[in-house]
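Please examine the sequence and the structure shown here before reading on. The paragraphs below are intended as a guide to selected features.

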Amino acid sequence: MKYESVRGMRDILPGEIGYWKQVEEKVREVATCFHYGEIRLPLMEHTEIFSRGIGEETDVVNKEMYTFLDKKNRSLTLRPEATASVVRAYLEHGLHIREPFQKLFYIGPMFRYEKPQKGRSRQFHQYGVEAIGSLDPTLDVDVISFAWTLMDMLGLSGLSLRLNSIGCAEDRRRYKKALSGYFAIHIDEMCTDCQRRYDSNPLRILDCKKSQCQPYIQQAPASIDYLCADCARHFAEVQGYLDELGLNYGIDARLIRGLDYYTRTVFELISKDLGAQDALLGGGRYDGLVELLGGPATPAVGFAGGMERLILVLQEKNGSFGQEKRLDLFLPALGEKGRLLALTLAQGLRSQGISVDLDYRGRSLRKQLGYADQVGVRYLIILGEDEVTSRKGRIKNMDRGQEYEIALTTDAIARIVHGTKHGD
Ligand code: AMP
């Protein structure tokens, strides 16, 4: 029997890990600069966290969750996103009591039972930030600025930010009413999913991607026309600060995001290199979620970005899997004593932070040299009988082709490898 990974869930092999590590490092670096603390959450939650938090009528909850009963018949779900989990943790550990204002970020896998295609899988990875505890528009801008800074640091350009406001709960009640009135005359021409959404939550009709529904969606009323004075002012302030900081955006009146917890500001960062699944990241305010999950009324704002999509864009731009750090030193060895010397030198050098590899298969010198070439090592020292006896050898800089006489001690080797480590 031939085993394969579960459909839509794939392995990430060492040869393609370069960008993954780069993106994770950059997310952590930007998080430090913006003073966000890392939170690591379980992969599973009680199903209700998501069904209540995200909304029963959303596609994520309605169609895409990996839900099952455990041995005690409790309904558990593999997390389809992390915001609801962050809020659960915020409340469970009393973070809101000690210091209600929290800036948090996470990186990790999410699970959604969607149709796998380019930029969409069933296990995918998100990085995301959640800033909890303030309604101030500067916080919306902080979160958006985090996203732009990350893209800058990764050297990505040609992206665009779509921005909208969907107002407070009261605004949305009025907006939904307007949508119901508008769609009433078109709904018979629209898909069966939209017909169901029309009865349960007409706002969700705007998520529909089917071409038969698009003409009606494009002409639908815009949420910003239904904002109360407070929400309109908030949205104007967000735009004002974005303008001040020179952060680009365009208003997208149809953007409402696919999860029910959003309020006021919503946004998506789009890449034209991604085709149909063009959203690199998406987020917004969720001022009602903390209360919905049993806490005190606490405003919040955040975003989540897909790692796979970001890496696709990086690959498209740079045409590779990204650079891994090169191996510093390979020690081809001959004979029992040569192998022992290689092993001891490697032990000492590795504990000084130098990456070293050697042959573990008793292969010929020719094969060992071929392997060193193939992995693209920076330095090489051949350890044969003479080297074992004299404790002297020749270190070869593989980029320049130069060789130097060297004492075979870890300190002497480390000096050479470290000396050029950052320079070449
Ligand atoms: P969402 O949580 O739906 O707002 O999604 C936020 C971001 O996660 C999207 O902009 C995508 O970059 C990424 N994403 C969402 N669903 C998937 C998926 N099934 N496969 C890959 N990436 C995804």
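The model is predicted. Its domain assignment gives domain 1, made up of 17-168 + 228-317, and domain 2, covering 329-417. The centres of domain 1 and domain 2, taken over C-alpha atoms, are separated by 48 Å.

Helix α4 (residues 83-92) is mostly covered, with nine of its ten residues buried. Among them are Val86, Val87, Arg88 and Tyr90. The elements that cover the buried residues of α4 include the strands β2 (44-46), β5 (102-111) and β6 (123-132), as well as the helices α2 (47-54), α5 (95-98) and α11 (289-292). Just after α4, Gly94 adopts a positive phi of about 65 degrees.

Aromatic side chains form eleven pairs. Tyr36 and Phe146 make an edge-to-face pair, at 5.4 Å centre to centre and with 75 degrees between the planes. This pair links distant parts of the chain, 110 residues apart: Tyr36 lies in the loop between α1 (18-33) and β1 (37-38), and Phe146 in helix α6 (residues 137-153). Tyr36 counts as buried because its relative accessibility is 5%, and Phe146 is likewise buried, at 0%.

The pair of Phe330 and Tyr371 is tilted, because the ring centres are 5.6 Å apart and the planes stand at 55 degrees. Phe330 belongs to strand β12 (residues 329-331) and Tyr371 to helix α14 (residues 365-375), 41 residues apart. Phe330 is buried at 1% relative accessibility, whereas Tyr371 is partly exposed at 26%.

Tyr36 and Phe146 also belong to one aromatic cluster with Phe34, Tyr127, Phe267 and Phe303. Elsewhere, Arg122 lies over the face of Tyr113, at 3.9 Å from the ring centre.

Methods: Residues numbered from 1 in each chain as written. Predicted model: local features only at pLDDT ≥ 70, side-chain atom pairs only at ≥ 80, totals over all residues. Heavy atoms only, no water. Domains from an automatic or database assignment. Buried < 20%, exposed > 50% of the residue type's maximum accessible area, 1.4 Å probe, protein only. Helix = DSSP H or I, 4+ residues; strand = E, 2+ residues; numbered from the N terminus. Contact = heavy atoms within 4.5 Å. Phe/Tyr/Trp six-rings, centres within 6.5 Å; stacked < 30°, edge-to-face > 60°. Lys NZ or Arg CZ within 6 Å of the ring centre and 35° of its normal.
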